[in-house]
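Keep the sequence and the 3D view side by side for this report. It moves from aromatic rings to charged pairs and then to a pocket.

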Amino acid sequence: MEMPDLADLIWLFEDEPFSEYEDMVWPVGLQSFRLRRGTREALFSLDPTSDEAYLTMYEAGEETMSIGRLRKLESLTIEKRDEYEGLVLLFASGDLDPLRLQTRPVIRLSWDVMPLGVW
């Protein structure tokens, strides 16, 4: 999977990655980045060795949405233009639209998916 350098991910999420296990450091195992803006928070977790990602969104400390085991990722790309910053996840199959996590000026998620039953 193609992805930005660790320094670029740290810049985007404004923090170092952390792991549930102290002995796991980048890029080994599941690494998480947490970003807060106002009352919104995004927790983005990535396992660079298995090409899997997880995303959980919070509003005022309450979980509002969680997407787990995003697999078969082709690439992660950082987008930056004017006041906009974000992360784009592209899937290898090409059948799914990219998932976009906006990180600036606000945290916002956009992903067009087919209704259940169409897959």
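## Ground rules

A residue is called buried when its relative accessible area is under 20%, exposed when that area is over 50%, and partly exposed in between (1.4 Å probe, protein chains only). By that rule Phe91 is buried, with a relative accessible area of 7%.

The model is predicted, so local features need pLDDT of at least 70 and side-chain atom pairs count only at pLDDT 80 or more, while totals for chains, interfaces and linings use all residues. Residues are numbered from 1 along each chain as its sequence is written, and side-chain values use heavy atoms, with hydrogens and water left out.

## Aromatic rings

Rings of Phe, Tyr and Trp (its six-membered ring) pair if their centres lie within 6.5 Å; planes under 30 degrees apart count as stacked, over 60 as edge-to-face and the rest as tilted. The whole structure holds 4 aromatic pairs. One of them joins Trp26 and Phe33, edge-to-face, at 6.0 Å centre to centre with 70° between the planes. Trp26 is partly exposed at 22%, and Phe33 is buried at 1%. Phe13, Trp26, Phe33 and Phe44 make up one aromatic cluster.

Now turn to Phe91 and Trp111. Their ring centres are 5.7 Å apart and their planes lie at 15°, so this pair is stacked. Phe91 belongs to strand S6 (residues 84–91), and Trp111 to the segment after strand S8 (108–110), so the pair links distant parts of the chain, 20 residues apart. Strands (E, at least two residues) and helices (H or I, at least four) are DSSP runs, numbered from the N terminus. Trp111 is partly exposed, with a relative accessible area of 23%.

## Salt bridges

A salt bridge is a side-chain nitrogen of Lys or Arg within 4 Å of a carboxyl oxygen of Asp or Glu. How many salt bridges does a search of the whole structure find? It finds 9. Glu14 forms one with Arg37, their closest N and O atoms being 2.7 Å apart. Glu14 sits in the loop between helix H1 (6–13) and strand S1 (31–37), and Arg37 in strand S1, so the pair ties together parts that are 23 residues apart in sequence. Glu14 is partly exposed at 41%, whereas Arg37 is buried at 17%.

Glu14 also meets Arg104 in a salt bridge (2.4 Å, N to O). This pair links distant parts of the chain: Arg104 is in strand S7 (residues 99–104), 90 residues from Glu14. Arg104 is partly exposed, at 29%. Glu14, Arg37, Glu85 and Arg104 are linked in a network of salt bridges. Elsewhere, Arg36 bridges to Glu41, with 3.2 Å between the closest N and O atoms. Arg36 is exposed at 55%, but Glu41 is buried at 10%.

## The largest pocket

On a 1 Å grid over the protein atoms alone, a pocket is an open set of points where a 1.4 Å probe fits, with protein on both sides within 12 Å along at least five of seven lines; lining residues have an atom within 4 Å of a point. Grid points are joined across faces, edges and corners, and a volume is the space filled by probe spheres set on the points.

The largest pocket holds about 220 Å³ of space. It is lined by 12 residues, and Arg69, Leu70, Arg71, Phe91 and Leu96 are the closest to its centre. Strand S4 (residues 62–70) gives the most to this lining, with 4 residues.
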